[in-house]
Amino acid sequence: ARSFPPAGRTALRADRGAMGLQRARAFRAGAARMADAHYDYLVIGAGSGGIASARRAAQYGAKVAVVEKARLGGTCVNVGCVPKKVMFLSASMMEMMHDAPGYGFKDVKYTYDWPTIKKNRDAYVERLNGIYGRNLGNSEVETITGAAAFVGPKEVKVADKTYTADHILVAVGGTPQMPTFPGAEHAINSDGFFELEDLPKRAVVIGGGYIAVELAGVLQALGTEVTLVVRGERPLKNFDALICESLQAEMDKAGMQVKCQTQVEKVERDGDGPMEVTLSDGSVVSGVDCLLAATGRKPLTEALGLDKAGVKTSGKGYIEVDEYQCTSAEGVYAVGDVTGRIELTPVAIAAGRKLSDRLFGGVAGAKLDYENVPTVVFSHPPIGTVGLTEKQAVEKYGEDDIKVYKSVFTNMYHAVTERKTSTAMKLVCVKSLDEKVVGIHLLGIAADEILQGFGVAIKMGATKKDIDSCVAIHPTAAEELVTMR
């Protein structure tokens, strides 16, 4: 019999493992019936979080299966982080082409071909799909293709087969939410962005969050005339003020039209011709051939039959979980975007692995620490942030107890270029805690790469003195963080 290390109240009985592919007794509505297969762990959703948790459980010897109705890898691999980063890099290369003459490259001639990058990007994603499949197979995780729905406690149906498990993880992620103004049917969402066959000439991007800022930046850098329509006061309104202000200044310099505290009122289109987009401030954007709505996401929970398993959801459909990812139903868990808690791929991965460590690895009390999670926005230039904003720190510790160090400068990359972008950095410290650094906020070239190491420092409780004690690496942008006064 397969046995697992004790894990508190969720410990597995040693004889569970011996069930293998034998039929397991499942109970529903008081009547017993036979399931097609029973598992120690059944994961619904083969995105980053689900796959990470499934493979970790299998490493401990659990009998695991993953159910997925679409391509392996979920949002991140197929229509999220991965293809988005490819497009960010493509747009960054275009910026470098503009800067090349300053570095001695004369008569630089190039033609941007969107179909080529689309073909290459899609092929890369397809390779990743295959790698995910092989990794699951190598970990001896069974893949079940189809849409899963609960039909009872710890009982799931996929097509005409029923599966039971001692533990079930829901990791189905989310999907784009579409607006409802007149003419909204002409809009595409972030998924549709990756289906575009050609580079748009004029685009209206709706939204002020990560996705809107990133895709608007890609299009603008590649040559599209972009209007960004933001309902709030500014893009990325929940970020530190220095970052928001610096980002908007960079968007303005790049030629992007940013319209804040404005909404789309209606969209008109004659057949397949260009669109006319009317905004609430009375302005009209004509000749639009791409209307991209990035107005938020919603969890994919409607078709899961969660009520039949006794799983509670919030008013917006997110699955309610405690600090250990447990739902209201015993033996049913949830991680990732479906919970609405810090909707980032690495967060789902980390939470999923911690869950499997606790359930199958004997790591009592294992859970993800959701404090001080570093994050990056692949804007132009990119943003990196971890910890509290200055405003949040003031609210938590009081204005008199906060000391801020900041610097705004031009990266050395631009020493010989006509085009210039700014770099902005801020450290937020608490005086009474020996100037403990509680927030780091960056915008500028390589901010995405710089942040990871400083994120570790924040998690370790670094003070300003600790940061200062590190000898600077010169000449770099990162050295500014260890030399601020």
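The second largest pocket is lined by 30 residues, with E95, H380, P381, R419 and T421 nearest its centre. A pocket here is an open set of points on a 1 Å grid over the protein atoms alone, where a 1.4 Å probe fits, with protein on both sides within 12 Å along at least five of seven lines. Lining residues have an atom within 4 Å of a point. Helices (H or I, at least four residues) and strands (E, at least two) are DSSP runs, numbered from the N terminus. The largest share, eight residues, comes from α3. The pocket holds about 600 Å³ of space. That volume is the space filled by probe spheres set on the grid points, which are joined across faces, edges and corners. By class, the lining has 15 nonpolar, eight polar and seven charged residues. Nonpolar covers Ala, Val, Leu, Ile, Met, Phe, Trp, Tyr, Cys and Pro; charged covers Asp, Glu, Lys and Arg; the others, Gly among them, are polar.

This is a predicted model: local features need pLDDT of at least 70, side-chain atom pairs count only at pLDDT 80 or more, and totals for chains, interfaces and linings use all residues. Residues are numbered from 1 along each chain as its sequence is written, and side-chain values use heavy atoms, with hydrogens and water left out.

Now the whole chain. The chain has twelve helices and 23 strands. Its radius of gyration is 25 Å, close to the 23 Å that the globule rule gives for 485 residues, so the chain is as compact as a globular protein of that length. The radius is taken over C-alpha atoms, and the rule is 2.2 Å times the number of residues to the power 0.38. Along the principal axes, the C-alpha atoms fill a box of roughly 75 × 65 × 40 Å. Of the 485 residues, 51% count as buried. Buried means under 20% relative accessible area, exposed over 50%, and partly exposed in between (1.4 Å probe, protein chains only). Among contacts (heavy atoms within 4.5 Å) with a separation of 6 or more, 63% come from residues 24 or more positions apart.

Nine bridges join β21 (residues 402-410) to β22 (residues 422-430), and the two run antiparallel. Strands count as paired if DSSP finds at least two bridges between them. K403 has C429 of β22 as its bridge partner. C429 also stands opposite V437 in β23. β22 and β23 (residues 436-443) run antiparallel, joined by seven bridges. They form a hairpin with five residues between them, and D434 in the turn has a positive phi of about 60°. Eight of the nine residues of β22 are buried, so this strand is largely enclosed by the rest of the structure.

β14 (residues 275-279) and β15 (residues 284-288) pair in the antiparallel sense over three bridges. T278 has V284 as its bridge partner in β15. Four residues lie between the strands, and G282 in the turn has a positive phi of about 95°.

G207 sits between β10 (202-206) and α6. G207 is buried, at 9% relative accessibility. Leaving out residues up to four places away in sequence, G207 touches A212, L228, V229, V230 and A294. The C-alpha atoms of G207 and G296 are 7.9 Å apart, although 89 residues separate them along the chain. N189 lies in the loop between β9 (174-176) and α5 (190-193). N189 is buried too, with a relative accessible area of 17%. Beyond its neighbours within four places in sequence, N189 contacts P176, M178, L292 and A293.

Finally, the backbone exceptions. Most residues other than glycine have a negative phi, and most peptide bonds are trans. H380 and P381 are joined by a cis peptide bond, with omega about 0°. P381 is in the loop between β19 (375-377) and β20 (383-387), and both residues are among those nearest the centre of the second largest pocket. Another cis bond joins H474 and P475, with omega about -5°. P475 lies in the segment after α12 (464-468). D107 has a positive phi of about 50° although it is not a glycine. D107 is in the loop between α3 and α4 (114-138) and is exposed, at 72% relative accessibility. N372 has a positive phi near 55°. N372 lies between α9 (345-360) and β19 and is partly exposed, at 28%.
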